[in-house]
Protein chains: 2
Amino acid sequence: MSGKKSPNGSRSDQEGTTEARRAPMREFSRSLPMSLLRAREAVMRQFRPSLRNHGLTEQQWRILRALTAVDTIEVTELARVAFLLGPSLSRILRDLEARDLIERRTAKADLRRGEVSISSKGLKLIEAVAPTSEAIYAEITHRFGARKLAELQDMLGELERSLAAMEVAGEGEAEADE
Amino acid sequence: MSGKKSPNGSRSDQEGTTEARRAPMREFSRSLPMSLLRAREAVMRQFRPSLRNHGLTEQQWRILRALTAVDTIEVTELARVAFLLGPSLSRILRDLEARDLIERRTAKADLRRGEVSISSKGLKLIEAVAPTSEAIYAEITHRFGARKLAELQDMLGELERSLAAMEVAGEGEAEADE
DNA sequence: GAAATTTGTTTAACATGTTAAGTTATTCGA
DNA sequence: TCGAATAACTTAACATGTTAAACAAATTTC
């Protein structure tokens, strides 16, 4: 029966069980990391089903998308563009290569470097997914408002730049503990 | 060393007017999901070292933080508040319980439900981490601007609400393809 | 009131995030 | 030129994200 519905949408009085909240900081659900996480999840929730129908994860899609913009690209550069850590990228590339969605070779000038490019099969896949993705993106833009969307992206970029200079704090805080 | 820089360095191309319809979509580095991802990562990068020094991951911290706001809470509610999926929460609770940072019992009214609360050891840990976390948050607020931060959070919340009604599209799109 | 269904939670399986360590290739310095 | 740094990945190990399935307790049906 579950008399109390717990929809993620309503924000009337959740945050607890009407019990006594003791500690401060209970705004936590409004913290910046949580806001960003929820917003991103709300967006990605729209795309995941379509990607999944094509056998792609979000990260795999990011990689293929990035590859369509270039002829070939080095692994490190690809990691930067697709915003993936090296180890993640390494695993995903192994998988994408096994599925013949990408092609790899080693640079002759520097045998350490790997060069990646999308295959024709990968391109076909992109072309199959792109229409739906763009339609979803257009719908999101429409619902939220193109102007507001641009404004939001500006603010996000500014936030990034604000924190870029902020060298990670708390480094030598409790090193002696362990 | 390759003389040419990243292929996505130029960002002053067309945006709203040209409306690329068959090109590899837009810059992709400017896509909303990527913007949100990078912004969130920029924020979390500030917190992770401190949390790590205390043996906590971001998600573990979210759970303990949420628990400080209530006396006890049911697992499902906790998942909603801490924005974690059931399986993730289940694993983390197992770990936190083994470390005596939380306490669990089953509700007597409904034996399916589990009730969770923070332990005194968990509270101590929170109190040890909180000062640094709050200092970092304050620094972020200062750098980005308190007013802009509030505005950003408003927009993020609005984005969430805009997409809440948008039932996931692309469900039965290419099921027969593969 | 037993079977079917639903609900709350956990397990399982696979993919990615994250940090550390390992490999191989390149560069640098005495 | 030889060996110690460095650089570009890749592997390893552990934690979480994500979906599906399992499970047990509660609710609904007939």
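Let's start with one leucine. Leaving out neighbours within four places in sequence, L159(A) is in contact with L32(A), L36(A), A39(B), V43(B), F144(B) and L152(B). Contact here means heavy atoms within 4.5 Å.

Some ground rules. This is a predicted model, where local features need pLDDT of at least 70, side-chain atom pairs count only at pLDDT 80 or more, and totals for chains, interfaces and linings use all residues. Residues are numbered from 1 along each chain as its sequence is written, chains are lettered from A and ligands numbered from 1 in the order written, and side-chain values use heavy atoms, with hydrogens and water left out.

Now the core around that leucine. The largest nonpolar core has 35 residues. By nonpolar core I mean a set of buried Ala, Val, Leu, Ile, Met, Phe, Trp, Tyr and Cys residues joined through side-chain atoms within 4.5 Å. Buried is under 20% relative accessible area, exposed is over 50%, and partly exposed is in between, using a 1.4 Å probe and protein chains only. The residues with the most contacts inside this core are L36(A), L152(A), L159(A), L32(B), L36(B), L152(B) and L159(B). Which elements each supply at least two residues of this core? In chain A they are α1 (32-53), α5 (120-144) and α6 (146-164), and in chain B α1 (32-53), α5 (120-144) and α6 (146-164). Helices (H or I, at least four residues) and strands (E, at least two) are DSSP runs, numbered from the N terminus. Apart from this core lies another, of 29 residues, including A82(B), I102(B), I118(B) and V129(B). As background, nonpolar side chains tend to be buried together in soluble globular proteins.

Next, chain A as a whole. Chain A has six helices and three strands. From the N terminus on, its elements run α-α-β-α-α-β-β-α-α. Of its 178 residues, 46% are buried. Take contacts in chain A with a separation of 6 or more: 48% of them join residues 24 or more positions apart. One residue to look at is R65(A), in helix α2 of chain A. Is R65(A) buried or exposed? It is buried, because its relative accessible area is 5%. R65(A) and A130(A) are 65 residues apart along the chain, with their C-alpha atoms separated by 9.4 Å.

Aromatics are quick. Over all chains, the count comes to one aromatic pair. The rule: rings of Phe, Tyr and Trp (its six-membered ring) pair if their centres lie within 6.5 Å, with planes under 30 degrees apart stacked, over 60 edge-to-face, and the rest tilted. F47(B) and Y137(B) form a tilted pair, 6.5 Å centre to centre, with 45° between the planes. F47(B) is in helix α1 of chain B and Y137(B) in helix α5 of chain B, 90 residues apart. F47(B) counts as buried because its relative accessibility is 8%. Y137(B), at 25%, is partly exposed.

On to the DNA, strand C. There are 26 residues around DNA strand C, and P87(A), S88(A), R91(A), T76(B) and R104(B) come nearest. Near means that a heavy atom of the residue lies within 4 Å of the molecule or strand. A polar side-chain atom of R112(B) lies 2.9 Å from a base oxygen of DNA strand C. A backbone N or O atom of G114(B) is 2.9 Å from a phosphate oxygen of DNA strand C. α4(B) gives the most to this surface, with five residues. T76(B) sits in helix α3 of chain B and counts as exposed, because its relative accessibility is 61%.

Last, strand D. DNA strand D is surrounded by 26 residues, the closest being R104(A), G114(A), P87(B), S88(B) and R91(B). A polar side-chain atom of S88(B) lies 2.7 Å from a phosphate oxygen of DNA strand D. For T76(A), a polar side-chain atom is 3.0 Å from a phosphate oxygen of DNA strand D.

Definitions and conventions: A polar contact is a pair of N or O atoms within 3.5 Å; within protein, one must be able to donate a hydrogen and the other to accept it, and residues adjacent in sequence count only if both atoms are side-chain atoms.
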